[in-house]
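Reader: I am new to this structure. Can you show me how to read its features, one at a time?

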Amino acid sequence: MAKALEDQSRRPSTQKSAKAYADDVTVSVSFAPGDETSTISRLNTILHRLEIWGQRWQVSFPPHKTQLLVVSRTRHDIRLFFNGAFLTPSRELKILGVTYDDKLTFKPHIMQLARTAAGQLASLRRISWLLDNRGRELLYKAQIRSSLEYCCLTWGGAAPSHIAVLDKVQRRTERIIWDGQQRQPGALQCLQHHRDVVGLTTFFKAQVRRTPHLNQLRQAERHTEVLTSTVAAEPGTLALPRSHSTHHQTQFTQVYTRLWNCLLASDCCPNNLTNNTVGLQRFKVLVHRWLSSVRDSDTED
């Protein structure tokens, strides 16, 4: 069982959510400054009830699998008691294959991805003489790149210096695939290109298809009293949430709200972007072509 606490200085009240998986329970609690004491008391009560429930139904909770992660700009003395011991705050917490750190930099997770990919690349290099260029490329996409893109929308807002480590992995892969031969253009798109396609597709599911479990990602449309030609040409433009920190500006909602507005303003986007006129696969192709054209124009400049 994993537990995460987050200090939300701009939220007026405590918010709590629980996620249950096959053999894992994650409880996330956000509290405002000054609510630490009441939040800790309430959590200890919940943990005590959970312990009683486990004793009744003969369910054991291993101490080494019960972790506490506190995400806050300031230091808090969080003392939670569970299963006969106090929970010591951890610097890192792994949930469903993604490592969260107490600063939400995702550096440990990305470094681990790079180390794992380096070992897989070593295996690819050893058998590369058995495959042609196409075979090496397919093996990389199936076995290595898929792991580099796992849960990429969670950690995609990490610092560019951390993300650049994964780009180095792909550049090493290109040298293995082509082995001194001339590289064919467009063979491997950059990893950021794939992350942007996934992000905008997720936004499409939330904004257009109204997928229920993505309701929290849905953004309100931007309304203005001044009618200009720009506003008239972009009827589905979304209101960009306000950011109070640089870290928040690089997160999913901020980044892909801006990209979504740019997509609507482009010539590639149809005027009527609805689920009936544009299916999911057609939208992916549309986003791929638009991002490719934007990056090609940036390269020419």
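Reader: In which helix is the place of Asp196?

Author: This is a predicted model, so keep that in mind throughout. Asp196 lies in helix α6, residues 191-207.

Reader: Is Asp196 buried or exposed?

Author: Buried means under 20% relative accessible area. Asp196 has 6%, so Asp196 is buried.

Reader: What does the side chain of Asp196 make a polar contact with?

Author: The partner is the side chain of Gln192, at 2.8 Å.

Reader: Which residues does Asp196 touch, not counting those up to four places away in sequence?

Author: With those neighbours left out, Asp196 touches Tyr256, Leu259, Leu291 and Arg295.

Reader: Now helix pairs. What describes two packed helices?

Author: Two values do: the angle between the axes and the distance between the axes. Start with α6 and helix α9, residues 252-265. Their axes come within 10 Å and cross at roughly 85 degrees.

Reader: How do α2 and helix α5 cross?

Author: Helix α5 covers residues 160-178. The axes of α2 and α5 come within 9 Å and cross at roughly 10 degrees. Angles under 35 degrees count as roughly parallel, so that is the term for α2 and α5. From α2, the contact includes Ile110, Met111 and Leu121. From α5, it includes Ile163, Val169 and Ile176. The class count is 13 nonpolar, 2 polar and 3 charged residues.

Reader: At what angle do α2 and α3 pack?

Author: Helix α2, residues 107-127, and helix α3, residues 133-148, pack at about 165 degrees. Their axes are 10 Å apart. Angles over 145 degrees count as roughly antiparallel, so α2 and α3 are roughly antiparallel.

Reader: Is the crossing of α2 and α3 left-handed or right-handed?

Author: The crossing of α2 and α3 is right-handed.

Reader: Which residues of α2 and α3 meet?

Author: In α2, Leu113, Ala117, Gln120, Leu121, Leu124 and Ile127. In α3, they meet residues including Arg136, Leu139, Tyr140 and Ile144. By class, the contact of α2 with α3 has 9 nonpolar, 3 polar and 1 charged residues.

Terms used
Residues numbered from 1 in each chain as written. Predicted model: local features only at pLDDT ≥ 70, side-chain atom pairs only at ≥ 80, totals over all residues. Heavy atoms only, no water. Axes fitted to C-alpha atoms, helices over the stretch in contact; angles between N-to-C directions. Helix = DSSP H or I, 4+ residues; strand = E, 2+ residues; numbered from the N terminus. Parallel < 35°, antiparallel > 145°, perpendicular 65-115°, else oblique. Left-handed = near helix turned anticlockwise from the far one by under 90°. Contact = heavy atoms within 4.5 Å. Nonpolar A, V, L, I, M, F, W, Y, C, P; charged D, E, K, R; others polar. Buried < 20%, exposed > 50% of the residue type's maximum accessible area, 1.4 Å probe, protein only. Polar contact = N/O pair within 3.5 Å; in protein donor to acceptor, adjacent residues only side chain to side chain.
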